[in-house]
Amino acid sequence: MSESTKHLSDIAVEDERVTAAIYARTSSIVQRFGYSLDEQVRLCLERCQLLGWDTQYVFRDEAESGKNIDRPMFQTMMTTAEQGLFDVIVFWKLDRFSRSLLHAVQLESELRGFGVGLHSITEQIDTTTSSGRFNFRNLASAAEFERDMIKERTRMGLKALAVDGRWPNSQPPLGYELSIDGRLRISAEEARLVNQIFERYVEVKSMPEVAHELNRQAVSTKRGNEWTSRAVRDVLRNALYIGCYVVSEISKDIPEYQIVSKELFEKATTIRFRFRGQGSSRSRMALHRKQQSVDHVIDQYQSFINQDRPVEL
């Protein structure tokens, strides 16, 4: 067994000493009694003394959300753990250490690779012993089962929405608003913008150019951001604009959702696929503009030949 994967029970037998690190966190400056950083650290120190563990490190995150994994001292602790400078992390309560049991399971797996265990004072979580590891695996299995159940319920919910033609979230695409019953209704103003994007793209055949023109006109996206090539592409490829509703593996035609004519949509799609595989968007734009310049010169020259008047270049 390698040094990095030894269990703490093995370390205790060989060295008879375990080095502990304490982690404490508060989510706001003002905390109720029993949740303060000092109180958490005090309780953890008492537990370490009771177990005969040496406390070498104390990591404290103040006013940091448990949902945020980028907590400064938490990241420092993980880096220190990777360096093998302590054997176990002691914390007062699970929600001080991680945002959920599932998150704790993921962290435990990572820390186990460093040869570091977890010990919670409040919950029955202790991966420094064989029985503790067994209990934690059971908790991990329960967390995975709950995650799978949530996914299954989510899929069932999406299918139920799709059958009724309702939108699955609170963010309808550009061109639509949400009705009270969850179905989409067309926003006249946004629908005009959608058609403008399709028509302009068919004309200039360049997503970056369409995005540039929209930004120059101070027109923002649905979420109030500037337009990008990707944002334009997302509009051009959205079949919902021709009434093709696809949600959770259910596809159906809903004519009342149509904003763009099928002819215009097909033209834009043909152009998009024609440029696919011809290099980057920037090189395609340059090639397209060169071709436009050549066509312009030829047109002017033909006009000169046919009408016998000076050419304007």
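User: Which residue in β4 is the bridge partner of Val-88?
Analyst: Quick heads-up: this is a predicted model, so local features need pLDDT of at least 70, side-chain atom pairs count only at pLDDT 80 or more, and totals for chains, interfaces and linings use all residues. Residues are numbered from 1 along each chain as its sequence is written, and side-chain values use heavy atoms, leaving out hydrogens and water. Helices (H or I, at least four residues) and strands (E, at least two) are DSSP runs, numbered from the N terminus. Look along β4, and the bridge partner of Val-88 turns out to be Gly-117.

User: How many bridges join β3 to β4?
Analyst: Two strands pair if DSSP finds at least two bridges between them. Strand β3 (residues 88–91) runs parallel to β4, and the number of bridges joining them is 4.

User: And on the β1 side, which residue stands opposite Val-88 in β3?
Analyst: β1 and β3 also pair in the parallel sense, over 4 bridges. Opposite Val-88, the residue you'll find is Ala-20.

User: Which strands are the edge strands?
Analyst: The open sheet has 4 strands with parallel pairing, in the order β2-β1-β3-β4. An edge strand pairs on one side only, and that picks out β2 (54–61) and β4 (117–120).

User: Are the residues on the faces of β4 buried or exposed?
Analyst: Buried means under 20% relative accessible area, exposed means over 50%, and partly exposed is in between (1.4 Å probe, protein chains only). Over in β3, both faces are covered, with Val-88 and Val-90 on one side and Ile-89 and Phe-91 on the other, all buried. β4 has both faces covered too: Gly-117 and His-119 on one side, Leu-118 and Ser-120 on the other, are all buried.

User: At about what angle does α3 run to β2?
Analyst: Helix α3 covers residues 72–82. It lies across β1 (19–25), β2 and β3, and its angle to β2 is about 145°.

User: At roughly what angle do the axes of α3 and α5 cross?
Analyst: Two packed helices are described by the angle between their axes and the distance between the axes. For α3 and α5, the axes come within 9 Å and the crossing angle is roughly 35°.

User: How many residues of the contact of α3 with α5 are charged?
Analyst: Contact means heavy atoms within 4.5 Å, and here it is made by Phe-74, Met-78 and Ala-81 of α3 with Leu-107, Glu-110 and Leu-111 of α5. Ala, Val, Leu, Ile, Met, Phe, Trp, Tyr, Cys and Pro count as nonpolar, Asp, Glu, Lys and Arg as charged, and the others, Gly among them, as polar. The tally is 5 nonpolar, no polar, and charged: 1.

User: How far apart are the end C-alpha atoms of α5?
Analyst: The expected span of a helix is 1.5 Å times one less than its number of residues. Helix α5 (residues 101–113) has 13 residues, so it should span 18 Å. That agrees with the separation of its end C-alpha atoms, 19 Å.

User: Which residue just after α5 takes a positive phi?
Analyst: Inside α5, His-103, Ala-104, Val-105, Leu-107, Glu-108 and Leu-111 are buried. Just after this helix, a positive phi of about 80° shows up at Gly-115.

User: Why does Lys-205 count as partly exposed?
Analyst: Lys-205 sits in the loop between α7 (188–204) and α8 (207–216). Its phi is positive, about 60°, although it is not a glycine. Lys-205 counts as partly exposed because its relative accessibility is 25%.

User: What about Ala-218: why does it count as exposed?
Analyst: Ala-218 is in the loop between α8 and α9 (229–236). Ala-218 has a positive phi of about 60° as well, although it is not a glycine. It counts as exposed because its relative accessibility is 69%.

User: What distance separates the C-alpha atoms of Leu-184 and Glu-256?
Analyst: Leu-184 belongs to strand β6 (residues 184–186) and counts as buried because its relative accessibility is 4%. Leaving out residues up to four places away in sequence, its contacts include Trp-167, Leu-240 and Tyr-257. Leu-184 and Glu-256 are 72 residues apart along the chain, yet their C-alpha atoms are separated by 8.9 Å.

User: What share of the residues in the protein chain is buried?
Analyst: The chain has 11 helices and 8 strands. Out of its 313 residues, the buried share is 36%.

Technical notes
Axes fitted to C-alpha atoms, helices over the stretch in contact; angles between N-to-C directions.
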